[in-house]
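Please brief me on a few helices in this protein.

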Amino acid sequence: MMIKKYILTGILGVGLLMGATSCGEDFLQRDALDLRQSDTFYKNETEAMEALVATYSVLQWQYVTNYGPLELILDIASGDTRKGGGSAGDQPHMEEFEPQNVVQPTNVALEVWWDKYYTGIQRANQYLERIDGVEADETFKTRTIGEVKFLRAYYYFDLVRLFGNIPLITKTLGLDEMDQTQADPKDVYNQIATDLVESIPALPQAVSDSEMGRVTSYAAKALLAKAYMHANGVYGVNLTTANGEVIDNGRALQELRDIISSGAYALLDDYSNLFRMDYQNSSESLFSIQFSDLAEWGDWGYGVGTQGNFLVTMQGIRGHNSDERVEGWGFNLPTEELFNTFEPGDLRQQASIVVAADLEESYDESYQQTGYYTNKYTGRPENRLDDSRGGDFNLNFRLNTQTIRYSDVLLMESELSGDATNLNKVRERAGLPAVGYSQAAIEHERRVELALEGQRYFDLIRWGKGPRSKDLFPIPQNEINLGGGTLVQNP
């Protein structure tokens, strides 16, 4: 099966994890390993740090064999957006994810996700097996083991939510172990819980400006709560770690309340600043995937080499340049139904969605034109590569992808507790009056607060309201073929 590809890269071919602001560059700007052999690697702390960066770097991968930016495609799958782009033939695999369509097992995005996450898992497994033999400070070892366990949990969490029935691999594999069978999804969730619970005491509560992008214990606590909520919503189970700790509603609430009571995070006063360069890695960011223009990338044939954010390139307005915006490819068009979901006076509507009719400068209409564009991951002069530096600006947008925000933590706490206090903190920032707690209120609030951030699809699945006829996506057909019967296709 596919595992062969990752074992035969018992090498650490790496793109770098880069900071989108100068704050994180000290940690994130590292020399590439460039296919160093793993059997001659891991000798000292410097090499271990490079391997750690290699494990982080997979987070950035949005183009492997083709375009597969997860957040964008999940917005499409949720029904909140249409594919868009230049034409029906422009990335047609993305249109299959619209709820009325059928995603074929040959869809190239599926292979992108499978390859991406199992590469990250392979790198994590290798790190965990080799770090004990490295000549390094014990504090360094403890912290980086925690980081790698968080990353492995993160990669498995996306995989199990996407495909459900996946191989669970927690060690590097030999050539005679390639044909891995699928695990019970509950076992995958238990492994995620084990990794996160073990990572929390090993991780710092905060990082310095020079380390922005590295994981904290609070990010691990938030991810643990998210994993519990999805597993419980879909399978009706609690999580159990390898040493018998049970992650139930009360434990997940405890983790979320630890974050809130710490005082380490706060909502930004102005929601519209969330996706601006001056507010990257802000007080509202628990975990963000770091992007950069430091590589000045220009190689269209090697998508994993860029450190720029394809979400920005792909969602900018076609043919539109102004003092405020930089043109893009016009994908992921918000629907009118999403636009109208915002309550009157909700400040997030304008901050999240651009109304095409309000644009003063000209633009080119996208395929499936809805009259709306995203106002979050979009090209702006502030995140565009200066042409004088070389490279292609399309490949080098430096806006981070925010995967866990503090408002998400507040809304998760409200949902698990059944109390509207934290829900109303989120609404207050949006300029809206307080409401009483209800499931409908939490579902509405999560939709508009996290709109166009790739969150809604998984929310709908865990609430039993999946917008598609099938909640799980097909296992990539290529993996079925390579597996020789060891992998069973999702029904």
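Which residue caps the N-terminal end of H6? Asparagine 107 does: a side-chain oxygen lies 3.0 Å from the backbone nitrogen of alanine 109. This is a predicted model, where local features need pLDDT of at least 70, side-chain atom pairs count only at pLDDT 80 or more, and totals for chains, interfaces and linings use all residues. Residues are numbered from 1 along each chain as its sequence is written, and side-chain values use heavy atoms, with hydrogens and water left out.

**Helix H6**
- H6 covers residues 108-130, 23 residues in total. Helices are DSSP runs (H or I, at least four residues), numbered from the N terminus.
- From first C-alpha to last, H6 reaches 33 Å, close to the 33 Å expected at 1.5 Å a residue. The expected span is 1.5 Å times one less than the number of residues.
- Of its 23 residues, 20 are buried, so H6 is largely enclosed by the rest of the structure. Buried means under 20% relative accessible area (1.4 Å probe, protein chains only).

**Histidine 93**
- Histidine 93 sits in helix H5 (residues 92-95).
- Histidine 93 is buried, with a relative accessible area of 9%.
- A polar atom of its side chain lies 2.8 Å from the backbone oxygen of tyrosine 67.
- Not counting residues up to four places away in sequence, histidine 93 touches Asn66, Tyr67, Asn107, Val108 and Ala109. Contact means heavy atoms within 4.5 Å.

**Helix H14**
- H14 (residues 406-417) has 12 residues and reaches 17 Å, close to the 16 Å expected at 1.5 Å a residue.
- In H14, 11 of the 12 residues are buried, so the helix is largely enclosed by the rest of the structure.
- Just after H14, glycine 418 takes a positive phi of about 70°.

**Helix packing**
- H7 (residues 138-163) and H9 (residues 217-235) pack at about 25°, with their axes 11 Å apart. Axes are lines fitted to C-alpha atoms, for helices over the stretch in contact, and angles run from 0 to 180 degrees between N-to-C directions.
- H7 and H9 are therefore roughly parallel to each other (angles under 35 degrees).
- Residues making this contact include Phe150 and Tyr154 of H7 and Ala219 and Leu223 of H9.
- The axes of H9 and H10 (residues 249-262) come within 9 Å and cross at roughly 150°.
- That makes H9 roughly antiparallel to H10 (angles over 145 degrees).
- Among the residues in contact there are Tyr218 and Tyr228 of H9 and Asn249 and Ser262 of H10.

Methods: Helix = DSSP H or I, 4+ residues; strand = E, 2+ residues; numbered from the N terminus. Buried < 20%, exposed > 50% of the residue type's maximum accessible area, 1.4 Å probe, protein only. Polar contact = N/O pair within 3.5 Å; in protein donor to acceptor, adjacent residues only side chain to side chain. Parallel < 35°, antiparallel > 145°, perpendicular 65-115°, else oblique.
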